[in-house]
Structures are given as structure tokens and as C-alpha cells.
Amino acid sequence: MDIAIILIILLAGTFVTFFSGDKYASRVALSFSILTAAYSLFLLLQYHTTGAEYSIQWVASPNLNFSLKLDGLSLLMILLNSILLPVIILTTLPHKVPFEKLLYSLVMFMSFAMTGVFLSSDALLYYVFWEASLIPIYFIIVMWGNGDKSKRRQAAMTFFIYTFAGSLFMMAAIIYMYSKTGSFQLMDFYNADLNTTEQIWVFLGFFFAFAIKIPIFPFHSWQANVYQRAPLIGTLLLGALMSKMGLYSVIRWQLPIAPYALHKFQGIILVLCIIGVIYGAIIALRQSNLKRFFAYASLSHVGFIAAGTYALTFDGLLGAVILILAHGFGIVGLFLSAEIIHRRMNTTQIPEMGGIKGVAPKFTIAFLLMVLASIAIPLSFNFTGEFTIMYGLYQVNIWYVIFIGTSMFLGAFFMLRMYQQVMLGEWTFKGAFKDLTLNEGFIFIILIAVVLFFGIYSKPIVEIVTPALQEILVYINR
Amino acid sequence: MITLVAVSGLGILCLILEIINLRKILVPVTLLGLVAILGATATEFYLNEPFIEIDNYNMVETSRFSQAFSILFILLTALIIGMSSKFYEDKMTKIADYVSLKIFMLAGAIAMVSFGNFAMFFIGIEVLSICGYVLAASEPKNLKSNEAGMKYFIMGAFASSFILFGLALLYGATGSFDVETIKQILAVRGESLPVWANLGFVMVLVGLLFKASVVPFHFWAPDVYEGSPTLVTTIMSTLIKVAAISALFKFLTIMSVLVTPTVQLGLIVFSIITMLVANITALRQSNLKRMMAYSGISHTGFMMMGLLSFNESANSTLYYAAAYSFAAIAGFAVIMAVCQDKGNENISNIFGLARRHPALAGIMACAMVSLGGIPVFAGFFAKMFVFSQMFEARQIILVMFGIVSSIIAIFYYFGTTNVMFTKENPEDISFKASKRYTTVAFIAISLNILIGVCPFIIMDLQL
């Protein structure tokens, strides 16, 4: 029961936020999100390696259950979700937006749905949460997005159609598994006895849904437009949390179900991931819009994580989990920096920026630390993750490491070049540039603290997640 | 049995209220009556024994199946009649006719699912259809409404004659109209029946597909839906459609011996082209009523999937019917609320609705999302239940087409949702929606969400 409480808090938060009115909505949402974070920390303290389960029957025929399961992996994802949620709300809190109560209740609902995805161990329940998380983000993009309305509408629509189409294939795969096993339970799926053809179809059904959500090259074409058009809060939800939902689902739902198909397609998928990593880096180099730049940089990074998951070795998976957390915190910092610059200089074009270093020293340091973390310099959280992934890939084939290693170099190059253009140089902008406000400073302190602390000391994460990953590995290698 | 008698009585009561000049209380009285009948039927359903059994000729067969569908029909009619006092505001003198016709329509629909004799079956179809023809033409000064009534009448009469001729052929082959007798005869010598048994079966099938507006028998539907008064369109695309599908379901269950692989293949093909053609055509509609008409036709295609494994899929067909109808009624209620004084149903009427009337926009968005089949709303579970039924029946290709057409459908459902939030309508800033439409839309969408969150309400019934 105690794991269902986190869902109850978030759902209650959704409704209370909505009915509290525009004036108090943001603060109500913030308090509920802090409550969630506190509760998930409480879960962490209570956590034993065995985890916890909760299940009640939902429908007798077909056999649906409301089953939740908490193990090390989902615990980490919930911590990521619930700690980032107040941070994400804080980024938008000081600014006035229209229909505030609706915005914040949608944010809370989205967090509710994503927490559900991380917790559910019944495939249909999982699918319900997975799809439910799509609705709020769609409305957030359409109603509060930036720029031209028709372009925004188009971006949201493309995003929606893409992800919905992918999900429907996953639904077909899930229903097929149900008709095979007579149950939607995760463990029954793991133990299902599928022949090779069935494995391939089920695997592909899941793969489309996840590849679009993460996104893996060549299913990424919705991403840059959406990241650019979405409001900051939407971009953060998408980039920091929603893409992680896809990566988590790969580990939890896709890998253990179809081991034969998995090993058959491993090579192709790894190549796609690595192409994505390099492609994202090269396209990012050519972007003049700061938000699109970060969108492609993010494409490159999630490709890296996906490569880790499909390495199918313990180290690959471990590195992927670490990098999921690191990237979640890192991308919040990057997009927040882009938004800060956008708000103060009223432009998103990189060539029009420059010289901010001289006018905003605190922001310069914060931004620099986030950039350095995202290019994975040693002692940052990202470094631990990327290094472990590369070690995992090395166990598969050295060539993967060589190619993905280029991207680390490319990543450092494009990130630092961007930093140079944006922050260094002459201050030519007419008008003042206010340094970090208290609120923004507070957010950066949280982010930097997390990134540095776990960069130096990532043992607790490894300890929590190891049993869960080892269990999954048993099914992968059966 | 009691349901059918009570509903017919309620229809006559409406006419009597008109005679004694009590038009003002007509709608509340009818609604109360419907609620009472709903209560009686539900009690009967849960007690599992009929209140009256004086039917020597086995004309009406009260089964769990028929009662469950009757409950749905009564709910739908109650929601629609709830809107009629507003819709017919300026035609109060004739409201008794409109309301009583709808009640008779309900009686026809109930007869269509609870018949024990094919004579009753045909009477049910005719009562339903004739009320439909009259209602379609119930705006005599509107050219389009006349056209709709005419088209609907000619096409509907054509379909009825098909059904009638088919029934006659079945009688010729089996020597009886009685459902139980026919079942026995089919079970004993199903294969050796003369060829006109199959012929009659197919003719009835075609007639019913016609009534349910399945592609390629759907050409009348969009024109009729567009021309009829919106409230009548609502009843057509919910009550009539669902009644036709459930009658088809029951008919196939009775005739299960004659459902050969060829017939099954035909149903599969019709289901696929219904989903695809309707969804693709709906993409290009700029009239909301026409869009809803095509959306309804595409959902008929999904509901037809249930007909392919009729031994197990009574629950999922009922679920689909309920999920679809509640969402459609909510959508139509919003359309009526927005377009009531406009005289047209162009999509531009709902531009910027989110700013003008957030509640209505929210309900419309929920209805569209449910029709599109996104979780939490019942539309998703409906699709998922029929899909899983189809997987068990090994109809994987059908599921694939279902998925493809769901993806196509998202374009227009979300296109409609989109314009409410992003486009502006410069014409009207101030806008007051009738409370009655809003309430009905709210109730309908709440019912949809209720069965979405608790699918066991319908799925765990013993049908």
C-alpha cells in the first residue's frame, strides 16, 4: 500500500491545484511536489533490497490487475521524477502565465502518470499510464508554447501522432502477450514461452514505442521542433523525464521479454544508437537556435544511454541507469540557462549573443558547470555513467566504443564552442542582463550539488540498482 | 418484457400530456419515467428474474444480454431527451411529438434486442426506423432536413424490404419465425437446409449492415446526419447505430450455424473498409456534424469486430457501444451548445472555444480524446477489449488495420481539439452556453470516464 500513496499524493495534487484557482495554483503544486519528494525519500529510507509490491484486482475478465512493484530501478526513477518535479515547477513559478491552475495541474498529472509508468508491474496498467502521460504534455505544448501558433500546433501534432502510433504497436504487442499467457503481469511476460517469430514481432512492437519516445535515430524527427516550441516547463518535462520513461521501459519491459530477438537485433540497434549519437552532435554544431542546439545535444546523449541499455551487459545497464539520472539533472540546467538568456536578451539565436560573462558572473559559473557536466568531464555524474557504458560496450565489441568515443570528443567540441559564442566575447547587447535571481540560483545549486556529489560518490546508486539489474540480466541471458 | 411495455406506455403518456395541455412538465415527467424504467430494468437485471411472464407466444425474450443493452439504450435516450427542452425551445407547441417519437424509437430499439420471434424483430426495426424518418425531416422549413428525411426514408425502406424478404426466405427454409424453434432446426439440420436459408440470412445481414451504416452501405449516412436537426443526428449516431449493432449481434448468435467462413470473411472485409474509408473521409470534413458522422461510421467498423467472435464478445461489444455513445453524446452536446444560434455547424464555430468557454472546450477535448482511444477514457479500453478478442480469434490482420485506422483518426480528433485552443474566432467574444447542454455533456463524459476507470462495471457482468 505504501507505494500507492505516492500516486495518491500526486493525483490529489492534480485536483487540489486545479481547484485552488489561478492565484495559488503554482504554490499548491509546489507544495504537493515537495511532499512527493519527501515521500519518495521516505521510500528510499524504508527500502530493502527485496522491494515492495502492491496488487488488487481491477477487472476479472480480461484479467487486469492494479499491480505496483518497487525495486531498485523503479525507486531511482521515482526519486529522479519526484526530486526534479519541484525543481521544474520552480523554474516557471516566478513568471506569470495564463490559465495557471490548468498548467500546474497538467504538470502534476503528468508527473502522476510517469510515476505510474515507473511503478506499474501490470502491462495494461503500465500502458494506461504511458499513454496518459501524453495528454498533458500535448496540451502544455499547444496552449503555452512559444512562437507562431500554427507552427506550434504542427509540432505538437507531429509529436502526438508519432508517439501515439508507436504506442499502438506496443499495445498490439502487449495484447498479443496477453493472448499467449492469459495475464498482464510482468513476471508472466518474463516467463512467457515465445517462439522465434513471435519474439521478433513482440520485440519490434515494443521497440517502435520506445524508439520514438527516447528518441533513437531515425525516429527523432519530432524532437527538435517540439523542444523548441514547447514552453520551458514542457521542454523540461519532456527532456528530463519523459525520454527517461522510454529508456526505463526498455530495461524493464523490452529486454527481458524477447531474448532471442534481442540478441538478433542487438547489432542493428546499437548501430542506430551510435549513428544517433554522432548525427545529433553534428547537427547540433550547425544550429543557430540555442534551444534547438540543446535538443540535438540531448538527442546525442540519449542515444548514448540507449546504446548502454542495448549493450546487454551488466555494466552497460548500470551505466545507462547512472546516465539516465545524470542527464535528467543536467538537461534541466542547460534548458534553464537557455531560457534565462532568452528572457533577458529576447533572442534564441546564438550569433546574437556574446559577452554575458562580463555582466553576469554567477550565471557564467553555473552555466559553465552544467556544460562541463554534460560533456562528461571526470568527477561529474555524467562521466561515471558514460565511462561505465563504454566499459559495457567494450565487452560487446571494441568498435562500438571507438565510434561512440568520437562522440565524446565531438560533444566536448560543440558544447564548448557554443559556450564560447554565447558567454565569452564582447558584450554588444543594448540593455541590462540581470544576474541569477535567488530562485534560479537555488535551482542551480541543487542541480550542481547532485551532479558533483554523485560524480564523486556514486556507490549508493550502484548498490540500490544492482539487484534489480541482475535479475533482469538473468532473463536477458536465458 | 416489463421494459418494453413500460417504454411504450411512456410514449403514449407523452401524447396524452399533450392532449391535456401539460407541455411544460412533459420533459421532466418523461425523464422521471425513464429513470423509473431504468431502475426497474436494473433491478430485474440484478435479481436475475423477470417481473412478468405472460408471454405465451414467446414474442419477447428477456435475457441478460437484452436487459444490459436496454439499460444502455434507456440511458442514452434519457441523456438525449434531457437536451430536448432546450433544443426545441422555439417549437414548444410540437415538443410532445418530438419527445414521444424518441420514446417510441427507444421501444423499437429495445424490441430489436429482446425479440423472441422474428416478427417482433421486424416490428422493432420498423418502429425505430419510421420514427427516425419523421425525426430526420422534423424541420419542415429547412430544405436540408427535408432532403435528409427523404433520403433516409428511401434508403431505410430499401433496407427494411431486404430484411423482410430475408426473413420470409428464412421462414420458407425453417417453417417458423420463432427464435427457439429456428435455433433447434438449425442445430439439428443446419448444413442440409435449402439454399434460401443462407440467402435469407445474408439478406437480413445486409439490411442490418445498412441500418448500422457500414461501408459500403453507408452512403446515406453523412448527408442524412448533416441535414437532420443536430439532436436527431445525435440519436441516429448513438441509439440507432448501437441498436443495429446489438440486433446484428443477437441475429448472428441465433444464426451461428450459418456463419460460414465466407460470411466471416465478408464481415472482416467490411470491418476493415469501414474503418479505413470512414476515417480517411473524416480527415477532410470541415463540418462538425459530418465529421462526427464519419467518426461514428468508423466506430461501427470497430464494433463489428465483436461480431466475429460473438460467443465471447457480448461484454466487449456492450462496452464499446457504451464508451462510444457516451463520448459521442458529449461531443454532440457541445456542438449543439456552440452552434445553437449559428445555423451551421462549421468547424470555425469552435475556434478559440477554450478562451470563450473553457468548460465546454474541456468536455469536447475529453470526448475527442476518448473517441481517439487514449487511456483513462473508456474509448481506449473499448478498443483494447475488442483487439484482445480479435487476437484470441487469430484475426491479427484485422487488428493491424484497426491500429492503422486509429492512427489516422487521431489526425481529425486532435485537429478538432487543436483549433479550440489555438485558433481565434474574431466574430463572437461573448458567448453563453445553455446550462442544459453543458450538464448533459458533463454527465455523458463523466459516465465515459467512470466506465473507463472502472471497466469491471461492464466487463464483469454475466451476459
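Predicted model: local features only at pLDDT ≥ 70, side-chain atom pairs only at ≥ 80, totals over all residues.
Residues are numbered from 1 along each chain as its sequence is written, while chains are lettered from A and ligands numbered from 1 in the order in which they are written.

**Exercise 1. Describe the overall build of chain B.**

Step 1: Chain B has 19 helices and zero strands; helices (H or I, at least four residues) and strands (E, at least two) are DSSP runs, numbered from the N terminus.
Step 2: The C-alpha trace of chain B spans about 70 × 55 × 45 Å along its principal axes.
Step 3: Of the 463 residues of chain B, 58% count as buried, that is, 20 or more other C-beta atoms, placed from the backbone, lie within 10 Å of the residue's own.

**Exercise 2. Find how well helix α5 of chain A is covered, and by what.**

**Exercise 3. Work out how α12 and α18 of chain A pack together.**

Step 1: Two packed helices are described by the angle between their axes and the distance between the axes.
Step 2: The axes (lines fitted to C-alpha atoms over the stretch in contact, with angles from 0 to 180 degrees between N-to-C directions) of α12(A), residues 259–285, and α18(A), residues 398–423, come within 9 Å and cross at roughly 20°.
Step 3: The two helices are therefore roughly parallel to each other (angles under 35 degrees count as such).
Step 4: Residues including Leu270(A) and Ile274(A) in α12(A) meet residues including Phe403(A) and Leu410(A) in α18(A); contact requires C-beta atoms, placed from the backbone, within 7 Å.
Step 5: By class, this contact of α12(A) with α18(A) has 12 nonpolar, three polar and no charged residues (Ala, Val, Leu, Ile, Met, Phe, Trp, Tyr, Cys and Pro are nonpolar, Asp, Glu, Lys and Arg charged, the others, Gly among them, polar).

**Exercise 4. Which helix gives the largest share of the side of chain A that touches chain B?**

Step 1: The contact takes 27 residues from chain A and 25 residues from chain B.
Step 2: The largest share of chain A's side, 15 residues, comes from α7(A).
Step 3: That side of chain A divides into 22 nonpolar, two polar and three charged residues.

Methods
Parallel < 35°, antiparallel > 145°, perpendicular 65-115°, else oblique. Contact = placed C-beta atoms within 7 Å. Buried ≥ 20, exposed ≤ 12 C-beta atoms within 10 Å, placed from the backbone.
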